[in-house]
Amino acid sequence: MSASTSGAANAEVSIGGRPPVNRIGYGAMQLTGKQVWGEYPDREGGIALLRQAVDSGVGFIDTADVYGPHTNETLVHDALHPYPDHLVIATKGGFVRGGFDYSTLDAVGNRNYLRQSAHLSARRLGVEQIDLYYLHSGRATDAPFEEQVATLAELRDEGVIGSIGLSNVTVEQFEAARAIVDIAAVTAHYNIAVRTGAGLLKAAEDHGAVFSPWHPVTLNETGQGDRIREVLEPIARRYGATVQQTALAWHLHHSPAALPIPGTTSPAHLQENLAAGSIHLTPEEVAAIDALTPDA
């Protein structure tokens, strides 16, 4: 990981040694059916939105085989293939979904299942090599975590995946994985209100990995939304921005490793998200936002 200017809102970031990309990516999970199950109802609208994102400067698209399942990867392919040279597409494997209800979500670490998942994701995305492939969970119990990472290392050596990422893991698992293979990226729950991914953020910074916070602009997960807005609203007014744009800008200033992946189904909201990269917060403003929630 490298950033052109530490903490600068307009910096780019490099993933696994690839050419730098805009530090505001796009999380495609919302382009599915209700509860992330099935096809996105407005398929043509989803295709148009993905194309608008790339045309507007997004260089990083995040998807997963469990989104749909499978429909999200297919939508990304149908919208964007053949992919521009500058575009990095990340997908994930290791979760399974047995039906519409979230209770059917489970984690699988079986070697041949993970191998199959990566090959099929590559097929759906229409690529010989997946740019960035995440192990979607560190919670699978059917195979030791180290064996799951070794499977991804094997796939990297075979050229099926280019770089390896980790999602929903502990700091200890991140360190165990690093002892096996280079880890290019981690993704975790982290925003102004929830800092449970703080340890992984620091580990990513220490070891040159990219950190993709999910739910990056959610403010009210802990019931503290009003208190958070009291701090953010005056800052947002100063820049003629929304509170959500200010929250997104905070990620970019808070850490040079940050590559937030806000998702949206709205073209206007997409442009608002990208415009947050032009907000240059002062150190005092960043410190005031930092102080709202202690790192976990």
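**View 1. Trp-250 belongs to an aromatic cluster with Tyr-190 and Phe-211.** With a relative accessibility of 0%, Trp-250 counts as buried (buried means under 20% relative accessible area, exposed over 50%, and partly exposed in between, with a 1.4 Å probe and protein chains only). Keep in mind that this is a predicted model, in which local features need pLDDT of at least 70, side-chain atom pairs count only at pLDDT 80 or more, and totals for chains, interfaces and linings use all residues. Residues are numbered from 1 along each chain as its sequence is written, and side-chain values use heavy atoms, with hydrogens and water left out.

**View 2. Two aromatic pairs can be found in this structure.** Rings of Phe, Tyr and Trp (its six-membered ring) pair if their centres lie within 6.5 Å; planes under 30 degrees apart count as stacked, over 60 as edge-to-face and the rest as tilted. Take Tyr-190 and Phe-211: their ring centres are 5.6 Å apart and their planes meet at 85°, so this pair is edge-to-face. Tyr-190 sits in the loop between strand S10 (185–189) and helix H6 (198–207), while Phe-211 is in strand S11 (residues 210–214), so the pair ties together parts that are 21 residues apart in sequence. Helices (H or I, at least four residues) and strands (E, at least two) are DSSP runs, numbered from the N terminus. Tyr-190 and Phe-211 are both buried. For Tyr-190 and Trp-250, the ring centres are 6.1 Å apart with planes at 15°, so that pair is stacked. It links distant parts of the chain, since Trp-250 lies in helix H8 (residues 243–254), 60 residues apart from Tyr-190.

**View 3. Helices H3 and H4 cross each other.** Two packed helices are described by the angle between their axes and the distance between the axes. Here, the axes of H3 (residues 111–125) and H4 (residues 145–157) come within 10 Å and cross at roughly 40°. Axes are lines fitted to C-alpha atoms, for helices over the stretch in contact, and angles run from 0 to 180 degrees between N-to-C directions. The two helices are therefore oblique to each other (angles under 35 degrees count as roughly parallel, over 145 as roughly antiparallel, 65 to 115 as roughly perpendicular and the rest as oblique).

**View 4. Arg-18 is a buried residue in a loop.** The loop runs between strand S1 (12–13) and strand S2 (21–22). At 19% relative accessibility, Arg-18 counts as buried. Leaving out residues up to four places away in sequence, Arg-18 touches Val-88, Gln-129, Ile-130, Asp-131, Gly-162 and Ser-163 (contact means heavy atoms within 4.5 Å).

**View 5. Arg-124 is a buried residue in helix H3.** Its relative accessible area is 18%. Among the residues that Arg-124 touches, not counting those up to four places away in sequence, are Asp-65, His-70 and Glu-73.

View 6. Most residues other than glycine have a negative phi, and most peptide bonds are trans. Pro-69 lies in the loop between strand S4 (60–62) and helix H2 (71–80). At 37% relative accessibility, His-70 counts as partly exposed.
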